[in-house]
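Have the structure open as you read.

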Amino acid sequence: MAIFPLLLLLLVSAVAGDEDAFVGVNIGTDLSDMPSPTQVVALLKAQSIKYVRLYDADRAMLLALANTGIQVTVSVPNDQLLGIGQSNATAANWVARNVIAHVPATNITAIAVGSEVLTALPNAAPVLVSALKFIHSALVASNLDGEIKVSTPHSSSIILDSFPPSQAFFNRSWDPVMVPLLKFLQSTGSYLMLNVYPYYDYMQSNGVIPLDYALFRPLPPNKEAVDANTLLHYTNVFDAVVDAAYFAMSYLNFTKIPIVVTETGWSSKGDSSEPDATLENANTYNSNLIRHVLNNTGTPKHPRIAVSTYIYELYNEDLRPGSVSEKNWGLFDANGIPVYILHLTGAGTVLANDTTNQTFCVAKEGADPKMLQAALDWACGPGKVECSPLLQGHPCYEPDNVVSHSTYAFNAYFQQMAKSPGTCDFKGVATITTTDPSHGSCIFPGSIGKNGTITNGTSLAPSSNSTSSGCASQYSYGTGSFTTSVIIAVLLMSAVFL
């Protein structure tokens, strides 16, 4: 999978199986409306995601993650690898700027040096191990090596003859890199990072791999894949690839290095050549994967040792180049609305929250106050939102500012329109969130109030504050008082905002 800056991945388990498994997700930046770091973190919190991975070390994201308790893996992007691998000082500067400057407030626990370097950037392969060693040396100098692991993700394509797993081995042409790399991982107590994509294995098998086997669906015993050398039974592609990596390491006499799956997932939409990239298949794969990991199932070679796994990815990326399927690996759209609701009954709380009924429309961070005011006037007028709670003396009057008032009005319109696509835009000054903006006695429409019921609070009847008469708005702001008049032209904005 190609690398893009600021990708966040959600870790699904604990390393080496010495903790219970947990789940996380990956976030790309190829979105036409990229959520702000604070919005990303709000979604992570709402979904109880406690492990994330960044594909770089974006400062704004690291600051947003500070004091959250979320464990973070940062990454050295491939375009910085050559410099770091050739200079101890450059590596030390990178660690100082991107790690030391943020700990301990931001809980950084690992550094991924590059991604799929052997297959994506082979000219940098000769300096890969040096880069890992230089980064690790900088951590040792800062007394952080005991808290922060260093590794590098690999494509599973570096494993040849992956079935049966017992006969798998790494591409021998990479032995000059893999052997010292594995020695480094073993000596530092780190782990092999591996990207595993049963979707592509299935697509490229020309029908040899059954779809059920790729999706973790239950198989009758006669349909399971059996390794004739070990007599181990495999019920899914994921376990077979992970065990192939374990056997490939043992072929080189390394048997104590755990594996972290740094990317896996399933596309929810494809073109005519990708008929199995569907919502149902993506839901089935990720739901079954999460259940498989959270149950500490392990693999046939290492039963009951959960494999740490990052799901690719949190958001769909509509600007990503490539096929339709490349844009549709996300669990959520850019507004934080689930692409599908995972089938996670009994699998815990992580990523099991059905946020469909708990999404809200709010004013976008940093939006132009004049644009907010115009949108507020429209919502409380032609939009037919019941805005009386915003009047002085009413529950949502405080705080008395355009951001707070427009957030209430935007959300009320969004809820009364049944959260239809496009009803939370308002010419770009509104965005969807899963964080309930209710405060004090001001309960927003769509919120689950103190009594556990969902409040409506909206009406399709014309508002008494309609601007159709051209009267001054009761919800506009000048210099601390209601001085801004509504222009009749605001009526024309209905086609622009929605």
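Helices here are DSSP runs of H or I with at least four residues, strands are E runs of at least two, and both are numbered from the N terminus. Counted that way, the protein has 14 helices and 16 strands. Keep in mind that this is a predicted model.

**The whole chain**

The protein has 498 residues, and 54% of them count as buried. Its accessible surface comes to about 20200 Å², with 55% of that belonging to carbon and sulfur atoms. If you take the contacts between residues at least 6 apart in sequence, 69% of them join residues at least 24 apart.

Two packed helices are described by the angle between their axes and the distance between the axes.

| Pair | Angle | Axes | Crossing |
|---|---|---|---|
| α6 (residues 128–141) and α7 (residues 175–188) | about 20° | 9 Å apart | left-handed |
| α4 (residues 88–100) and α6 | roughly 55° | within 8 Å | right-handed |

Take α6 and α7, which pack at about 20°. Angles under 35 degrees count as roughly parallel, so α6 is roughly parallel to α7. On the α6 side, the contact is made by L128, V129, L132, K133 and H136, and α7 brings V177, P180, L181, F184 and T188. Those residues divide into seven nonpolar, two polar and one charged.

Now for α4 and α6, whose axes cross at roughly 55°. That angle makes α4 oblique to α6. From α4, the residues N88, A91, A92, W94, V95 and V99 meet F134, I135, A138 and L139 of α6. This contact splits into nine nonpolar, one polar and no charged.

**A buried stretch in α1**

Which residues of helix α1 (residues 37–46) are buried? They are V40, V41, A42, L43 and L44. Just after α1 comes S48, which takes a positive phi of about 60°.

**An asparagine in α11**

N281 has its place in helix α11, which covers residues 279–294. Is N281 buried or exposed? The cut-off for buried is under 20% relative accessible area, and N281 counts as buried because its relative accessibility is 7%. What does N281 touch, not counting residues up to four places away in sequence? The list is L211, L215, R217, W266 and D276.

Definitions and conventions
Residues are numbered from 1 along each chain as its sequence is written. This is a predicted model: local features need pLDDT of at least 70, side-chain atom pairs count only at pLDDT 80 or more; totals for chains, interfaces and linings use all residues. Side-chain values use heavy atoms; hydrogens and water are left out. Axes are lines fitted to C-alpha atoms, for helices over the stretch in contact, and angles run from 0 to 180 degrees between N-to-C directions. Angles under 35 degrees count as roughly parallel, over 145 as roughly antiparallel, 65 to 115 as roughly perpendicular and the rest as oblique. A crossing is left-handed if the near helix is turned anticlockwise from the far one by less than a right angle, and right-handed if clockwise. Contact means heavy atoms within 4.5 Å. Ala, Val, Leu, Ile, Met, Phe, Trp, Tyr, Cys and Pro count as nonpolar, Asp, Glu, Lys and Arg as charged, and the others, Gly among them, as polar. Buried means under 20% relative accessible area, exposed over 50%, partly exposed in between (1.4 Å probe, protein chains only). Accessible areas come from the Shrake-Rupley method with a 1.4 Å probe; for residues, only the protein chains shown count as cover.
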